[in-house]
Amino acid sequence: AQLDEYARSVDWTQHVKKSGTDGGMRVLDALAASGLRSIRYWKEIPGISQVVINDLEDAAVQQAKENVAFNGLEAVLIDNDDDDAKHGIRVQCGDATHVMYTARRPPGLQNHTYPQSQQRDQFDVIDLDPYGSAAPFIDSAVQAVVNGGMLAVTCTDMAALGGSHPETCYGRYGSIPIPRARYLQELALRILLYSLSTAAAKYGRTIRPILSVGMNFYVRVFVEVWDDKAGVIGLSLNHGSVYQSTRCPSFHIVPHGQNAANNRNVYQPARAPPAPSCEETGGTFKVAGPIWLAPLHDYDVVDAAAARLEQPSGGTVHPLHRKTAIHGLLTVVGEELSDTPLYYTLPDLCHTLRCSCPPMNIAKAALINAGYRVSAYHKEPNAIKTDAPNSVIWDVMRAWCKDNPPKKGGKKNKKKQKKREAQKAGNSEGESGPDSAANEPPSISDMILSVEPKIVVDFTIPEELNNKKKAQRFPMNPEKNWGPKPAASGKRKATTADKELQQPPSKTAKASGVE
């Protein structure tokens with residue numbers, strides 16, 4: 001809470017210009033590849049003092065140097081032998097973890113201990129954008145950023161974070177996802193934030209998410225890192241586990257810790273879910289996590305960024321090709337509920353009940369009229385993010401099914417019906433046994449719909465759902481075959497001239513003695 005209050009009191013535009021070791025911020029692009037983003041940092045953000053373009057591959061470093069020259073920035077290029085240079089762009093070949101582990105000294109120290117004398121100053125911003133998982137770089141990154149500095153972290157290993165390979169995710173991030181969970185996009189973000197927060201906590205530091213988004217085929221988070229031992233003590237309140245029903249979309253979220261009832265300075269282990277099994281179906285629970293439970297975004301920053309994009313000039317130094325899509329993303333993010341982890345999806349609820357899908361506004365209206373809050377989620381158009389309990393969600397769906405009864409047709413249902421008729425015919429002479437239709441368990445949809453709604457459901461659309469901010473929400477992919485490209489090989493592509501030089505001489509040339 002103190003960090004949030006401090007963050008709101010700072011003029012961050014002026015802070016950018018004054019912070020850092022030489023009147024501005026120092027930025028490390030630890031896995032820079034061709035350095036294009038690093039160059040944009042230098043050219044488009046006021047108050048940058050130094051940008052370090054680092055990559056392990058010689059070919060990438062050479063390409064980055066060419067890109068710096070192409071953008072007319074040779075004059076600010078720092079010689080790598082000049083360790084004391086504070087202003088400009090440094091392009092270097094190095095191991096990212098080594099670079100960060102050797103940059104853990106707080107800037108501005110007057111008296112250095114011997115270990116600190118062997119270190120370099122911490123960076124104000126560290127950008128981690130690997131092809132795959134950022135997990136190997138997290139421990140060094142949380143130490144190499146200044147107090148109040150920012151980490152920008154990308155992970156593209158969605159097969160692991162999204163639950164297709166839960167064992168891999170657990171090995172990398174210390175958290176296990178649920179395969180085929182409908183809320184996998186948000187779960188991936190919260191797993192990454194959990195991993196960042198636990199890594200920072202080892203060194204008496206906490207994280208404060210500024211923006212956490214799922215975009216295209218990856219997740220990206222922007223977090224501040226603070227020296228905050230008091231925050232580390234209360235970290236168990238921000239971590240928790242997900243208990244997902246094995247038979248329906250119902251889930252519970254339980255934090256790992258809680259305050260004592262009569263003393264908020266005392267921390268206790270949290271209690272288990274309110275029921276030992278799913279209240280709707282009696283199904284057991286699958287357990288996912290640990291995950292980050294605190295807010296994903298700083299909504300003041302998000303709203304300010306969206307407002308800047310609404311300015312006639314676009315609010316940026318250079319025109320943004322994806323301005324409309326970014327504005328739409330920030331608009332949806334700004335509308336998300338901050339204190340409600342995870343979400344349901346409307347098609348998943350309807351699939352469970354085998355009913356038609358109501359319009360999204362109708363479903364949201366029923367929850368709002370019942371006294372609960374509801375929002376979308378920026379990566380999933382069909383998401384229902386709400387503070388309503390599972391029982392209310394199902395009461396809304398029960399009321400919808402009363403007005404729009406589920407159809408009994410379908411190939412699967414017809415086969416089941418024939419099987420029941422055959423079983424009845426076999427037992428018509430008084431036979432009874434385990435295969436009797438009377439002993440057949442009810443379906444999940446029958447179990448849920450057999451219960452009467454406990455609340456009055458009103459589908460009248462309230463005014464707030466009609467007064468949405470104008471924005472392009474959930475845009476289509478920008479081009480055909482949009483998706484991740486192959487990993488870099490570390491070798492530069494041969495040009496036409498290179499290929500001609502590599503070709504062996506023709507038979508005609510050999511016959512004439514031409515070499």
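These legends accompany close-up views of a predicted model.

**Figure 1. Overview of the protein.** The protein has 20 helices and 16 strands. Of its 515 residues, 46% are buried. The accessible surface comes to about 27,800 Å², and 52% of that surface belongs to carbon and sulfur atoms. Among contacts with a separation of 6 or more, 67% join residues 24 or more positions apart.

Figure 2. Side chains of opposite charge can pair when their charged atoms come close. Here Arg40 pairs with Glu44, with the closest N and O atoms 2.8 Å apart. Both residues lie in helix α3 (residues 36-44). They are 4 residues apart, about one turn of the helix. Arg40 is partly exposed at 43% relative accessibility. Glu44 is also partly exposed, at 21%. A search of the whole structure finds 19 salt bridges.

**Figure 3. The Arg398–Glu280 salt bridge.** The closest N and O atoms of Arg398 and Glu280 are 2.7 Å apart. This pair links distant parts of the chain, 118 residues apart. Arg398 sits in helix α16 (residues 390-403). Glu280 sits in the loop between β12 (263-269) and β13 (285-292). Arg398 is buried, with a relative accessible area of 5%. Glu280 is buried too, with 14%.

**Figure 4. The Asp339–Arg373 salt bridge.** The closest N and O atoms of Asp339 and Arg373 are 3.0 Å apart. Asp339 lies in the loop between α13 and β14, and Arg373 in the loop between α15 (360-369) and β15, so the pair ties together parts 34 residues apart in sequence. Asp339 is partly exposed, at 48% relative accessibility. Arg373 is partly exposed as well, at 36%.

**Figure 5. A charged network and a polar contact.** Salt bridges link Arg37, Asp127, Asp129 and Arg220 in a network. A further view shows Asp121, in the loop between α6 (114-117) and β5 (123-128). The side chain of Asp121 makes a polar contact of 2.9 Å with the side chain of Arg105. Asp121 counts as buried, at 14% relative accessibility.

**Figure 6. Aromatic pairs.** The whole structure holds 6 aromatic pairs. The rings of Phe217 and Tyr218 have centres 5.5 Å apart and planes at 75 degrees, so this pair is edge-to-face. Phe217 is partly exposed at 28%, while Tyr218 is buried at 18%. Tyr343 and Tyr377 are stacked, at 4.9 Å centre to centre with 25 degrees between the planes. Tyr343 is buried at 1% relative accessibility. Tyr377 is buried at 0%. Elsewhere, ring pairs link Tyr183, Phe251 and Tyr344 into a cluster.

**Figure 7. Surroundings of Glu452.** Glu452 is found in the loop between α18 (444-449) and α19 (496-502). Beyond neighbours within four places in sequence, Glu452 contacts Asp395 and Lys402. Its side chain makes a polar contact of 2.6 Å with the side chain of Lys402. Ala399 is 53 residues away along the chain, yet the C-alpha atoms of Glu452 and Ala399 are separated by 8.8 Å.

**Figure 8. A nonpolar surface patch.** Ile233, Leu237 and Tyr267 make a patch of about 260 Å². Ile233 belongs to helix α11 (residues 229-233). Ile233 counts as exposed, at 57% relative accessibility.

How values were computed
Residues are numbered from 1 along each chain as its sequence is written. This is a predicted model: local features need pLDDT of at least 70, side-chain atom pairs count only at pLDDT 80 or more; totals for chains, interfaces and linings use all residues. Side-chain values use heavy atoms; hydrogens and water are left out. Helices (H or I, at least four residues) and strands (E, at least two) are DSSP runs, numbered from the N terminus. Contact means heavy atoms within 4.5 Å. A polar contact is a pair of N or O atoms within 3.5 Å; within protein, one must be able to donate a hydrogen and the other to accept it, and residues adjacent in sequence count only if both atoms are side-chain atoms. Patches are made of residues with over 30% relative accessible area and no salt bridge: like charges are joined within 9 Å, nonpolar side chains (Val, Leu, Ile, Met, Phe, Trp, Tyr) within 5 Å. Accessible areas come from the Shrake-Rupley method with a 1.4 Å probe; for residues, only the protein chains shown count as cover. A salt bridge is a side-chain nitrogen of Lys or Arg within 4 Å of a carboxyl oxygen of Asp or Glu. Buried means under 20% relative accessible area, exposed over 50%, partly exposed in between (1.4 Å probe, protein chains only). Rings of Phe, Tyr and Trp (its six-membered ring) pair if their centres lie within 6.5 Å; planes under 30 degrees apart count as stacked, over 60 as edge-to-face and the rest as tilted.
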